[in-house]
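I opened a notebook page for this complex. These are my entries, in the order in which I looked things up.

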Amino acid sequence: MNKGYLCIVLHSHLPFVRHPEHEYFLEEDWLYEAITETYIPLIWVFEGLLNDKVDFRITMPLTPTLISMLTDPLLQERYLKHINRLIELAHKEVERTRWQPEFQTLAIMYLNNFCRARDTFERFKRNLVSAFKNFQDLGKIEIITCGATHGYFPLMDICKESVKAQVKVAVSHYESIFGRKPQGIWLPECGFQPGHDEILKEAGIRYFFTDAHGVLHGTPRPKYGVFVPVYCRGTGVACFSRDLESSKQVWSSIEGYPGDYRYREFYRDIGYDLDYEYIKPYIHPDGIRINTGIKYYRITGSEDKQPYIPHLAREKAAEHAANFMFNREKQVEYLYDFMQKKPIIVSPYDAELFGHWWYEGPMWLDFLLRKIYFDQETIRTITPSEYLFENPRNQVVTPSMSSWGWKGYSEMWLQGPNDWVYRHLHAASERMTELTKSFPQTNGLLKRALNQALRELLLAQSSDWAFIMGAGTHSAYAVRRTKEHLLRFTNLYEQIKSGCIDEKWLSDIEYKDNLFPNIDYRVHQ
Amino acid sequence: MAILRRIKEKLKKVMQREKKTGNVKRPFFSKAKEKEATKRIEKEVLGAQEMAVERTKFSTPVAVRVAPLMREELPYGYGVDKIVLQVRDSCWIHAYWEVTAQSLNRLGEQLKDAFFNAKRILRVYDVSHIIFDGTNAHRFFDIEINPEANNWYIDTGGPGRSWCVDIGLRLPTGEFIKIARSNTIYTPLEGPSWITDEEWMVPEEMFARLYGMGFGLGRSSPVGKAWQERIKRALFSGILASPGITSVASPVKIPKVRKFWLNVNTELIVYGATEPDAKVTVQGREIRLRPDGTFSLRFALPDGKQVIPVQGTSSDGIDTITITPIVTKETKD
């Protein structure tokens with residue numbers, strides 16, 4: 001009999017980046033890298049567990065933008081090109097490193113992984129979402145939704161119509177892909193604002209997540225802290241909150257597992273390390289060096305990096321999985337004694353942490369899930385839906401406004417470099433509401449224009465743009481995307497108001513920003 | 001790497017600052033305060049690390065590309081007097097506003113000279129637990145703003161309260177003329193709520209399902225008086241927030257800043273040509289010729305001696321030529 005539960009959440013998200021108007025577009029690499037390094041390796045982990053009949057539960061928010069990209073034929077075609085180029089490079093690397101066996105082993109490892117990734121990609125007929133859907137249909141993972149374009153809700157509170165649109169578009173997109181309603185939602189950046197639970201309830205969503213302080217600072221005080229969910233007052237939507245202890249063990253880049261010196265170093269990539277003429281065909285067409293994904297060094301702990309040794313890293317991943325499980329067991333035993341109730345430890349991570357940043361992450365997850373299944377009886381992995389089914393009686397609390405971002409509130413998305421976006425985003429939201437009111441029933445060209453207007457608004461709202469502006473110096477792309485979508489929206493607004501819609505231009509932006517084919521602008525009210 | 005380093009340095013400063021302030025005043029409370037501060041800092045460290053990791057998702061090359069010029073720009077304003085408040089964190093709120101030229105002109109005409117001596121201000125009202133009608137705020141404070149500014153970060157100093165802001169003019173007489181009033185927002189609590197009344201529920205559809213399955217209502221909550229006290233104590237000592245299995249303090253290690261560096265690597269290119277249909281091996285392994293019969297191989301060249309026999313054999317297998325370059329590489333520091 002277990003004494004508590006572990007709910008691992010892998011939040012998978014990338015902003016919508018798709019530029020059919022360019023032959024090659026650098027930022028599309030975010031998707032290709034994540035496919036090779038995270039999504040496909042996770043599929044391998046889940047397939048392996050199924051093959052070996054290991055029971056497990058993972059909760060996976062797949063954002064509507066990510067799903068849209070993973071199911072887009074153009075991006076699928078481009079990924080294939082991308083992985084083929086990588087395979088070609090890996091072949092050359094195997095040759096080049098002939099006299100350096102310590103590197104040649106690695107080149108062969110990459111070559112094998114890339115080839116296997118291509119095989120997997122083609123095995124699922126290029127549609128990786130179908131792989132995850134399959135795991136969900138088998139009851140092993142629970143896929144939940146997110147804001148349509150990952151808009152940060154607390155900074156949209158002034159125009160709740162947009163929050164509604166983010167939720168409703170996401171829910172109907174989920175239904176069209178998975179053939180059922182989503183049970184839960186990952187609020188983008190865990191951004192919760194009291195009152196938004198009403199919008200979730202209206203959309204049929206039963207639970208969401210906040211960061212620890214969202215519930216700990218809730219009113220009234222939560223009796224069991226973050227270790228059982230609470231129901232929002234008035235709506236009964238359940239709120240699960242993050243356990244910081246387990247997050248820190250994995251997340252922290254300094255004391256966390258990924259910083260171990262046997263693990264692969266993220267920052268040494270042959271795209272930067274090798275001779276320019278040699279690497280040129282595999283980097284940016286303008287000759288700008290970029291990451292290729294082939295990285296030969298381990299973290300080492302000093303500037304003099306040592307070659308990566310896969311089996312040592314693997315042993316360490318197993319050790320770290322054991323350590324993580326041990327700590328959760330102790331945590332659960334302690335809490336169970338103390339609470340006289342089974343606690344649920346919610347451990348959410350960015351999925352892209354696994355594999356992309358922490359190369360051994362998928363391997364660690366594999367070890368962890370196997371160990372939990374075979375080696376102990378204290379904890380059981382669970383999805384929030386199952387938990388609520390088994391434990392329907394919970395405390396009623398109004399969680400506090402919070403996010404899981406830097407400093408825990410909205411500062412990451414509301415600071416000097418990005419605060420200018422809100423006056424424009426809010427103005428656009430207001431205009432969208434006005435359009436929806438003015439045109440309750442439409443068809444033909446006008447309907448197309450209204451639907452596209454909502455797409456452009458949603459795209460401008462992605463929290464990623466504000467995040468990139470807030471995080472660093474290379475924000476030109478994020479600024480451009482914000483402005484571009486807002487300008488497209490404004491043009492549409494003016495054309496719709498004046499009654500002369502430029503169909504040729506509309507077709508062009510429909511072709512570029514082609515996500516959510518079945519969107520209905522009337523959700524924005 | 002640079003970003004990580006920068007964050008770490010910043011955090012170090014924050015930590016030092018927090019430590020100092022934690023030690024200064026009210027020795028009686030200082031321990032608890034320090035604990036609270038460490039917790040907050042710890043959360044910040046974690047947050048910054050998460051941010052650094054998340055940032056790697058959006059890799060961008062070091063060389064900055066020239067961004068294509070935007071053909072259009074966003075408008076400066078939207079032609080309405082408006083002020084909007086948003087919550088940044090439990091103490092700080094952000095206001096952005098637009099005051100149209102027409103409104104200013106109108107005010108100028110109305111107020112005449114007084115207009116030019118008026119100060120542009122934000123009046124921040126504490127409107128917690130009331131329906132604000134413009135006169136019944138608990139208190140307010142003014143912030144004088146630069147007429148060019150169009151947004152402002154305001155330190156309310158008060159978590160768990162509601163706020164509303166007017167933008168307007170304060171005349172030399174002290175009279176305040178409102179131009180626009182903001183929405184009302186609520187700054188979240190900074191710590192646990194003082195309200196400990198408990199309410200429990202089973203959602204209706206769950207209850208229906210349970211009822212239908214004949215399970216009854218489920219267990220009653222294990223609440224005794226002593227139990228409640230225990231939970232309360234635990235909350236204060238932070239046990240429920242973090243059961244303290246691994247160490248709590250997270251000393252941030254500051255990596256050495258590398259100022260200068262030099263990397264030297266060598267590679268060897270072996271190239272040649274033969275009849276396009278010939279068979280060529282290099283170190284015993286067959287290689288592919290280009291259609292014109294040329295070939296080129298590139299090897300990372302470690303220290304030591306490399307013997308590289310290159311053997312060409314004619315397509316009919318009769319002629320064989322072997323040429324063996326021998327390369328020795330030595331590196332001196």
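**Entry 1: confidence**

What is the mean pLDDT of chain B, and what percentage of its residues reach 70 or more? I note first that this is a predicted model. The mean pLDDT of chain B comes to 76. I find 67% of the chain B residues at 70 or more. For the model, I wrote down an ipTM of 0.92 and a pTM of 0.86.

Where pLDDT is low, the predicted coordinates should not be read in detail.

**Entry 2: chain B, overall**

I listed the secondary structure of chain B next. It has 6 helices and 17 strands. Chain B has 333 residues, of which 18% count as buried. Among chain B contacts with a separation of 6 or more, 60% link residues 24 or more positions apart.

**Entry 3: a sheet in chain B**

In which order do the 4 strands of the open sheet in chain B run? I read the order as β12-β11-β15-β16, with antiparallel pairing. The edges are β12 (285-287) and β16 (320-323) of chain B. Each has a single partner strand, so one side of each is left without a neighbour in the sheet. From one strand to the next, the twist averages 25 degrees.

Strand β11 (residues 279-282) of chain B is joined to strand β15 (residues 310-313) of chain B by 4 bridges. These two strands run antiparallel. B:Thr281 stands opposite B:Gln311 of β15(B).

**Entry 4: domains of chain A**

I turned to chain A. Its domain assignment gives domain 1 as 4-65 + 128-264 + 310-407. Domain 2 covers 72-126 + 272-307, and domain 3 covers 415-523. The C-alpha centres of domain 1 and domain 2 of chain A lie 29 Å apart.

Which helices of chain A each supply at least two residues of the side of domain 1 that touches domain 2? I find 24 residues of domain 1 of chain A in contact with 22 residues of domain 2 of chain A. On the domain 1 side, α1 (29-51) and α5 (128-137) of chain A each supply at least two residues. The largest share of that side, 9 residues, comes from α1(A). By class, the domain 1 side has 13 nonpolar, 3 polar and 8 charged residues.

**Entry 5: where chain A meets chain B**

How many residues does each chain give to the contact? Chain A gives 85 residues and chain B gives 76. On the chain A side, elements with two or more residues include α3 (73-96), α12 (310-339), α15 (421-438) and α18 (476-498) of chain A. β10 (394-397) and α17 of chain A are also among them. The chain A side divides into 36 nonpolar, 27 polar and 22 charged residues.

I looked at β10(A) in detail. β10(A) pairs with strand β9 (residues 200-201) of chain B over 2 bridges, in the antiparallel sense. A:Gln395 stands opposite B:Trp200 in β9(B).

Is helix α17 (residues 463-471) of chain A mostly covered or mostly open? I count it as mostly covered, with 9 of its 9 residues buried. Among the buried residues of α17(A) are A:Trp465, A:Phe467, A:Ile468 and A:Met469. A:Ser463 and A:Asp464 are buried too.

I ended with the backbone angles. A cis peptide bond joins A:Thr219 and A:Pro220, with omega about -10 degrees. A:Pro220 sits in the loop between α8 and β6 (230-232) of chain A.

A:Lys53 is not a glycine, yet its phi is positive, at about 55 degrees. I place A:Lys53 in the loop between α1 and β2 (58-61) of chain A. A:Lys53 has 7 C-beta neighbours inside 10 Å, so I count it as exposed.

A:Lys407 also has a positive phi, about 70 degrees, and is not a glycine. A:Lys407 lies in the loop between β10 and α15 of chain A. Why does A:Lys407 count as partly exposed? Because it has 18 C-beta neighbours inside 10 Å, and the buried class needs 20 or more.

Methods:
Residues are numbered from 1 along each chain as its sequence is written. Chains are lettered from A and ligands numbered from 1 in the order in which they are written. This is a predicted model: local features need pLDDT of at least 70, side-chain atom pairs count only at pLDDT 80 or more; totals for chains, interfaces and linings use all residues. Two strands pair if DSSP finds at least two bridges between them. Axes are lines fitted to C-alpha atoms, for helices over the stretch in contact, and angles run from 0 to 180 degrees between N-to-C directions. Domain bounds come from an automatic or database domain assignment. Two residues are in contact if their C-beta atoms, placed from the backbone, lie within 7 Å. Ala, Val, Leu, Ile, Met, Phe, Trp, Tyr, Cys and Pro count as nonpolar, Asp, Glu, Lys and Arg as charged, and the others, Gly among them, as polar. pLDDT is the predictor's confidence in each residue, from 0 to 100. A residue is buried if 20 or more other C-beta atoms lie within 10 Å of its own, exposed if 12 or fewer, and partly exposed in between; C-beta atoms are placed from the backbone.
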